[in-house]
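Have the sequence and the coordinates open side by side. The report starts with a single residue and then widens to the whole chain.

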Amino acid sequence: MPTAGVYIDESSDRVIVPRPYMTTEELDRKQNEAATTIQGAARIFLARKKLKQLRNEKLRLQEYMATMPEKESVTSEISLTNLLDCRRSPETLADFASMVKKVEEWKFREVEKINTASLSDMERRKALSALFREYTKYLQTIERMKHDCSPQLQYNKVQKMLSKMAAPKVITASDGKRILVETPEIKHAQHLWQLYNQLIQPDIIAEARTEILNSVAEIVTQFPAPPTTQEIIALVDREAVLTSRGVNVKNMEGLRKRLAHMFLRYIQTPEVNPQAALVRQLIKEHKL
């Protein structure tokens with residue numbers, strides 16, 4: 001700085017004020033926020049673009065259908081009930097796959113009939129359009145039935161898996177007789193299966209429910225499988241506290257579903273249920 005007898009030219013000097021210091025954590029946070037904003041904007045743009053495309057396709061289809069004269073369709077007059085008669089009450093995914101396969105075979109036959117029929121180009125297009133409308137209706141009905149049966153399908157799948165874990169071993173004796181053998185591991189799997197079925201019972205009195213919870217807590221404590229065991233015990237304690245306070249059962253449905261799900265995961269742990277590893281290996285070999 002200038003002093004007496006010393007001259008310093010300050011015409012080009014600049015005043016520099018320090019700005020707030022940004023840490024690495026703050027920089028990462030701002031970058032993540034900016035990336036999230038950009039991703040959200042990009043997804044909105046792509047979604048609007050897709051929506052516009054679908055609307056245009058729907059509009060073109062409506063215009064095309066409006067220009068076609070009302071004539072009798074050459075597609076076979078079959079009812080959905082007759083078509084899916086063999087699977088009125090599907091219970092497994094294989095049943096639904098069979099229904100879809102049956103509809104696909106029907107569509108293929110009808111397309112062949114339309115292509116080999118003596119029709120004008122407009123009549124053929126109208127017939128195919130009507131056919132695919134019917135085909136779409138059938139698939140939608142199957143998906144709706146599948147959605148309605150999803151809880152039952154999941155229940156059947158779980159019960160089938162647990163029954164395989166608890167199934168006795170079959171040994172053929174020298175005289176040809178079949179002997180059922182239950183090892184300690186199989187009896188343990190049977191006990192776990194029984195506890196799980198008791199745990200998912202919807203209507204049960206409070207005293208019986210408390211006994212079931214105590215049995216679950218006892219079995220997971222006796223055969224621990226961290227961290228699943230700790231979470232199951234925490235859920236059991238929480239339900240016990242809510243029950244003691246007189247909380248409505250409907251308000252504990254989510255808690256009970258979570259507990260049943262965690263206990264099922266516990267059953268599927270080979271460290272506490274050796275039969276789970278055998279069943280998993282069988283399923284893997286079957287898929288291969």
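In which helix is K107 found? K107 is found in helix α3, residues 93-116. Helices (H or I, at least four residues) and strands (E, at least two) are DSSP runs, numbered from the N terminus. The model is predicted: local features need pLDDT of at least 70, side-chain atom pairs count only at pLDDT 80 or more, and totals for chains, interfaces and linings use all residues. Residues are numbered from 1 along each chain as its sequence is written, and side-chain values use heavy atoms, with hydrogens and water left out.

**K107 and Q159**

K107 has a relative accessible area of 18% and is buried. Buried means under 20% relative accessible area, exposed over 50%, partly exposed in between (1.4 Å probe, protein chains only). Q159 sits in helix α5, residues 150-166. Its relative accessibility is 12%, so Q159 also counts as buried.

Contact means heavy atoms within 4.5 Å.

| Residue | In contact with |
|---|---|
| K107 | L131, F132 and Y135 |
| Q159 | W193, Y196, N197 and I200 |
| I232 | V216, V220, L259, M262, F263 and Y266 |

The side chains of Q159 and W193 also make a polar contact of 2.9 Å. A polar contact is a pair of N or O atoms within 3.5 Å; within protein, one must be able to donate a hydrogen and the other to accept it, and residues adjacent in sequence count only if both atoms are side-chain atoms. K107 and L128 lie 21 residues apart in sequence, and their C-alpha atoms are 10.0 Å apart.

**The chain**

The chain holds 10 helices and two strands. From the N terminus the order is α-α-α-α-α-β-β-α-α-α-α-α. Of its 288 residues, 24% are buried. Among contacts with a separation of 6 or more, 62% join residues 24 or more positions apart.

Strands β1 (residues 169-172) and β2 (residues 178-181) run antiparallel, joined by four bridges. Two strands pair if DSSP finds at least two bridges between them. I171 stands opposite I179 in β2. Five residues separate the strands of this hairpin, and G176 in the turn has a positive phi of about 90°.

**The cores**

A nonpolar core is a set of buried Ala, Val, Leu, Ile, Met, Phe, Trp, Tyr and Cys residues joined through side-chain atoms within 4.5 Å. The largest has 30 residues; L162, M165, Y196, V216, I232, F263 and Y266 touch the most other members. Two or more residues each come from α5, α6 (184-199), α7 (206-222), α8 (228-244), α9 (253-267) and α10 (274-287). The most come from α9, which gives eight. A second, separate core of 13 residues includes V103, W106, Y135 and I142.

**Helix α8**

Which residues of α8 are buried? They are T228, T229, I232, L235, V236 and E239. The face turned away from the buried side carries R238 and S244, both exposed.

The 17 residues of α8 should span 24 Å at 1.5 Å a residue, and its end C-alpha atoms are 24 Å apart, which agrees. The expected span is 1.5 Å times one less than the number of residues. Just after α8, G246 takes a positive phi of about 80°.

Notes. Lists of a residue's contacts leave out its neighbours within four places in sequence.
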